[in-house]
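Here is a short report on a two-chain model. Keep the sequence and the 3D view open while reading.

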Amino acid sequence: MDNAEDGEKFKKTVFVTVGTTCFDALVRAVDTKEVQEELLRRGYTHLFIQMGRGTHTPTKSVGGDGTLSVEYFTFSSSIADYLRSASLVISHAGSGSIFETLRLGKPLIVVVNEDLMDNHQSELAEELADRKHLYCAGPQTLRQTIASMDLDSLLPYHPGDATPVVKHINRFLGFPDD
Amino acid sequence: MDEGKGCFSSCMASNLTATVVLIITVTVILIRVSYVIYWTGKPVRRTCRKSLSTLVVLGSGGHTAEMLNLLMVLQKDRFTPRFYIAAATDNMSLQKSRVFESSLDDTTGKHGVAMQFVQIYRSREVGQSYITSVWTTLIAMAHALWLMIKTRPQVLLCNGPGTCIPLCIIAFVFKVVGIRWSYIFYVESIARVRRLSLSGLILYKLCIADELFVQWPQLQKKYPRARYVGCLM
């Protein structure tokens with residue numbers, strides 16, 4: 001999955017995204033020394049944090065000298081570019097972010113927001129984790145997940161399509177089959 | 001005395017007439033509602049050769065992405081004209097559907113078909129109190145009714161969240177009253193793996209949707225009348 005980074009061996013980027021939500025627990029988690037050390041240990045060099053509407057501002061760092069380079073921003077119109085250049089994506093559980101990352105074939109850890117009342121979003125992340133398309137964690141368990149993950153064991157996700165739905169709708173309405 | 005008696009009996013008579021009229025009306029409505037429910041979910045027998053006006057209800061974020069995936073595959077000449085509705089607080093979805101429609105124009109060169117993009121008031125925003133939401137629900141219903149009267153679609157395509165519920169209920173009422181017969185298709189979001197969303201559950205339980213599609217096999221097991229169609233994303 002990491003073929004894209006072969007040309008740039010020394011730069012391995014982690015991209016953290018919370019989408020349009022406010023998910024301080026995740027931003028705080030990746031802002032901790034423990035998580036950043038674990039990322040360094042796994043060979044990552046750069047950390048980009050898209051913090052959305054959150055209020056917790058992470059500590060910036062230029063990196064080098066055995067530390068991680070850390071940068072953050074609230075929103076960006078070029079999320080797709082960040083995803084494309086990332087070697088690992090850590091994302092909130094929104095279906096948009098999940099499938100955009102999976103379509104790009106990037107290793108993904110989905111962090112479930114445990115503070116949400118109606119937390120149906122964890123359903124999707126857990127199902128896809130059961131099917132080995134991604135890793136699923138909570139803000140508290142993120143470090144262990146990074147430490148224990150085996151990216152080679154992840155299976156590529158084959159995107160589905162709406163052809164069966166459209167076929168059923170056409171048949172229901174009495175449109176002739178193509 | 002006699003006059004009083006006469007008035008009394010005429011009051012009785014008019015009361016009786018009112019009751020009879022009421023009973024007949026309720027019976028007729030009930031028969032009509034059961035007729036509509038009976039035919040809801042029954043596929044059309046005859047071959048359809050003309051295009052159907054279609055209302056596309058856009059959710060937000062992930063919902064809109066799924067709907068656009070569906071529209072990509074849909075035979076555009078059969079489902080035309082198309083009306084797009086999105087929540088008033090959601091600026092992105094209509095923008096995306098506009099981009100989608102204009103990309104069609106570029107490839108097929110079909111101009112002159114009126115596409116409409118409308119925003120609708122939401123009955124309840126996330127975190128809004130229940131007391132004020134009574135008032136906003138009323139406004140949202142009135143607005144939905146107005147839009148439905150204007151568009152009178154033959155096909156409704158929706159995939160949640162709540163925005164589509166008033167529109168689907170009005171479409172159902174239109175069927176009962178005889179204003180417009182329509183077909184309602186609901187695609188449950190891919191994010192729902194184990195339980196239907198509230199919107200999906202309402203349409204399922206009230207038998208309003210002609211077809212309710214789910215994207216995970218577990219859901220189909222739990223709700224047997226739903227149809228499993230695999231993932232849209």
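Helices (H or I, at least four residues) and strands (E, at least two) are DSSP runs, numbered from the N terminus.

## Basis of the model

This is a predicted model: local features need pLDDT of at least 70, side-chain atom pairs count only at pLDDT 80 or more, and totals for chains, interfaces and linings use all residues. Residues are numbered from 1 along each chain as its sequence is written, chains are lettered from A and ligands numbered from 1 in the order in which they are written, and side-chain values use heavy atoms, with hydrogens and water left out.

## Chain A

Chain A has seven helices and six strands. Along the sequence they follow the pattern β-α-α-β-β-α-β-α-β-α-β-α-α. The C-alpha atoms fill a box of roughly 65 × 40 × 30 Å along the principal axes.

Chain A has 178 residues, and 48% of them count as buried. Buried means under 20% relative accessible area, exposed over 50%, partly exposed in between (1.4 Å probe, protein chains only). A contact means heavy atoms within 4.5 Å. Of the contacts in chain A with a separation of 6 or more, 62% link residues 24 or more positions apart.

## Nonpolar cores

A nonpolar core is a set of buried Ala, Val, Leu, Ile, Met, Phe, Trp, Tyr and Cys residues joined through side-chain atoms within 4.5 Å. The largest one has 33 residues. Leu55(B), Leu167(B), Cys168(B), Leu203(B) and Leu212(B) have the most contacts inside it. Helix H5 (residues 164-177) of chain B gives this core its largest share, nine residues.

Leu203(B) touches Ile165(B), Cys168(B), Tyr186(B), Ile208(B), Ala209(B) and Leu212(B), leaving aside residues up to four places away in sequence. A second, separate core has 31 residues, including Val44(B), Leu58(B), Leu71(B) and Ala86(B).

## Two domains in chain B

Domain bounds come from an automatic or database domain assignment. For chain B it gives domain 1 (1-40) and domain 2 (49-228). Their centres, taken over C-alpha atoms, are 38 Å apart. Seven residues of domain 1 of chain B contact nine residues of domain 2 of chain B.

Buried area is the accessible area (1.4 Å probe) that two parts lose on being put together, summed over both. Between these domains of chain B it is about 690 Å², with 73% from carbon and sulfur atoms. Arg32(B), Val36(B) and Thr40(B) supply 66% of what domain 1 buries against domain 2, more than any other three residues.

## Where the chains meet

The contact takes 41 residues from chain B and 29 residues from chain A. The two chains bury about 3100 Å² between them, 65% of it on carbon and sulfur atoms. Arg78(B), Arg194(B) and Met233(B) supply 20% of the area that chain B buries against chain A, more than any other three residues.

How many salt bridges cross between chain B and chain A? The rule finds one. It needs a side-chain nitrogen of Lys or Arg within 4 Å of a carboxyl oxygen of Asp or Glu. Arg194(B) and Glu126(A) meet this way (2.5 Å, N to O).

## Gln75(B)

Gln75(B) lies in the loop between H2 and strand E2 (82-87) of chain B. Is Gln75(B) buried or exposed? Gln75(B) is buried, because its relative accessible area is 18%. Gln75(B) touches Val166(A), Asn170(A) and Asp178(A), not counting residues up to four places away in sequence.
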